[in-house]
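Student: Let's go through this model one label at a time. For each label, I want the value and the rule behind the label.

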Amino acid sequence: MYSTTIDIRVRYGETDQMGYLYYGNYALYYEVGRTDAIRQLGFTYRELEEQGVIMPVAELQVKYLRPAYYDDVITVKTILKELPPNHKIQFHSELYNQAGELLNVGTVTLAFIDAKSKKRMNMPDILREKLAPYFENNANEPRS
């Protein structure tokens, strides 16, 4: 399993009239978590795109448990529970408030697509090499 966390402060412009984080913005928080998770592996989405790989969202599932409010600090936990066996990768997100209460859970499935042909492809080798150590013997951290 591979997991990362990042904190995001809810900005005023992300809230609705009630002061709640607008429901559509949770997907943006998931994206911040995914982008940071890839960056913590030592490369970026941009580098994947430069290698001709794009990753459109194929599916999004969201469950709202409690609201997040303006100025709350939200911890976004991003989890990869399995090393992708094919052309899709599934990121699980958990959002917590500063009191540690679980606010929201979501799953985002992305597809690996060849940018030129627009056809699906398996996970790029460079990404598989970076993630593989986290999945050997159910390790929580890569082996040295």
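**Labels and their cut-offs**

Student: Why is Asp71 called partly exposed?

Tutor: Its relative accessible area is 39%. Buried means under 20%, exposed means over 50%, and partly exposed lies in between, with a 1.4 Å probe and protein chains only. Asp71 falls in the middle band, so partly exposed is the label. Two ground rules: this is a predicted model, where local features need pLDDT of at least 70 and side-chain atom pairs count only at pLDDT 80 or more, while totals for chains, interfaces and linings use all residues. Residues are numbered from 1 along each chain as its sequence is written, and side-chain values use heavy atoms, with hydrogens and water left out.

Student: What makes Asp71 and Arg9 a salt bridge?

Tutor: Their closest N and O atoms are 3.3 Å apart. The rule asks for a side-chain nitrogen of Lys or Arg within 4 Å of a carboxyl oxygen of Asp or Glu. The pair passes, so it is a salt bridge. Asp71 sits in the loop between strand 3 (57-64) and strand 4, and Arg9 in strand 1, so the bridge ties together parts 62 residues apart in sequence. Helices (H or I, at least four residues) and strands (E, at least two) are DSSP runs, numbered from the N terminus. Arg9, at 43% relative accessibility, is partly exposed.

Student: How many salt bridges does the rule give?

Tutor: The count is 2. One of them joins Glu14 to Arg11, with closest N and O atoms 2.3 Å apart. Glu14 is buried at 10% relative accessibility. Arg11 is partly exposed at 48%.

Student: What makes Thr107 buried?

Tutor: Its relative accessibility is 13%, so it counts as buried. Thr107 lies in strand 6 (residues 102-111).

Student: How do you know that the side chains of Thr107 and His92 make a polar contact?

Tutor: The distance is 3.3 Å. A polar contact is a pair of N or O atoms within 3.5 Å; within protein, one must be able to donate a hydrogen and the other to accept it, and residues adjacent in sequence count only if both atoms are side-chain atoms. This pair meets the rule, so the label holds.

Student: Which residues does Ala37 touch, not counting those up to four places away in sequence?

Tutor: Tyr2, Thr4 and Thr78. Contact means heavy atoms within 4.5 Å. Ala37 is in helix 1 and is buried, at 1% relative accessibility. Thr4 belongs to strand 1 and is buried too, at 5%.

Student: What makes the largest pocket a pocket, and what is its volume?

Tutor: On a 1 Å grid over the protein atoms alone, a pocket is an open set of points with protein on both sides within 12 Å along at least five of seven lines; in a cavity, a 1.4 Å probe fits but cannot get out. Lining residues have an atom within 4 Å of a point. The volume of the largest pocket is about 160 Å³. Volume here is the space filled by probe spheres set on the points, which are joined across faces, edges and corners.

Student: Which elements each supply at least two residues of that lining?

Tutor: Helix 1, helix 2 (45-50) and strand 2 (53-54). The lining includes Glu31, Tyr45 and Ile54.
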